[in-house]
Amino acid sequence: MKLDLREKEGVAILEIKSELTSGGGDTILREAVDTILASGRSHILLNLSQLQSMDSAGVGELVASYRMVERFGGKLKILNAPSKVKKSLTLAKLLPLFEIFDDEKEAVASFSTE
C-alpha cells in the first residue's frame with residue numbers, strides 16, 4: 001500500500017492508494033495516523049478514491065484509527081469511498097460511525113464547523 005499525505009486548511013489529507021488489507025496495509029495506515037497525531041494534528045481526512053481493495057483487517061484498522069483520533073480529541077472522516085467500501089461498512093453496521101464525503105472542499109470545511 002502507498003500513502004500520500006498533504007494538508008489543506010489544517011486538515012491532514014491521507015490518500016490511500018492500492019489496498020487496505022492484512023499483511024501490511026493495515027499496519028501502514030496505523031503508523032501514518034499515529035505520526036499525524038504525534039505531530040499535533042487531529043483532523044484527518046482519508047481519501048479512498050484510489051483504494052482498490054479492502055478486507056476485514058482494513059475495516060478493523062479504519063475503526064481503530066477512528067477511535068484513536070477520537071481519543072486525541074480529533075475527527076477522522078472519509079472522502080471518495082468506493083461503493084464496495086460503503087457496502088463493507090454498511091454490512092458491518094459501521095456506516096453511521098464515519099462521515100463520508102464525495103467533495104473534498106465540503107469535507108475540509110466540515111472540520112471547521114465542529
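This report describes the strand order, the helix packing and the salt bridges of the structure above.

The structure is a predicted model, in which local features need pLDDT of at least 70 and side-chain atom pairs count only at pLDDT 80 or more, while totals for chains, interfaces and linings use all residues. Residues are numbered from 1 along each chain as its sequence is written, and side-chain values use heavy atoms, with hydrogens and water left out.

**Sheet and helices**

Helices (H or I, at least four residues) and strands (E, at least two) are taken as DSSP runs and numbered from the N terminus. An open sheet with mixed pairing is formed by 5 strands in the order β1-β2-β3-β4-β5, where two strands pair if DSSP finds at least two bridges between them. Because β1 and β5 stand at the edges with a single partner strand each, one side of each is left without a neighbour in the sheet. Strands β3 and β4 pair in the parallel sense over 5 bridges, and Leu-45 has Lys-77 in β4 as its bridge partner. Helix α1 packs on the sheet and touches β1, β2 (11–20) and β3, its direction making about 170 degrees with that of β2; contact here means heavy atoms within 4.5 Å. Helix α2 (residues 56–71) lies across β2, β3 and β4 and runs at about 180 degrees to β3, with axes being lines fitted to C-alpha atoms, for helices over the stretch in contact, and angles running from 0 to 180 degrees between N-to-C directions.

**Salt bridges**

A salt bridge is counted when a side-chain nitrogen of Lys or Arg lies within 4 Å of a carboxyl oxygen of Asp or Glu, and by this rule the count comes to 8 salt bridges.

Accessibility is given as relative accessible area, buried meaning under 20%, exposed over 50% and partly exposed in between (1.4 Å probe, protein chains only). Arg-6, at 31%, is partly exposed, whereas Glu-15, at 15%, is buried; both residues belong to a network of salt bridges that also links Lys-8 and Glu-104.

Arg-41 is partly exposed at 22%, and Glu-7 is partly exposed at 46%.

Glu-99 is partly exposed at 35%, while Lys-77 is buried at 1%.
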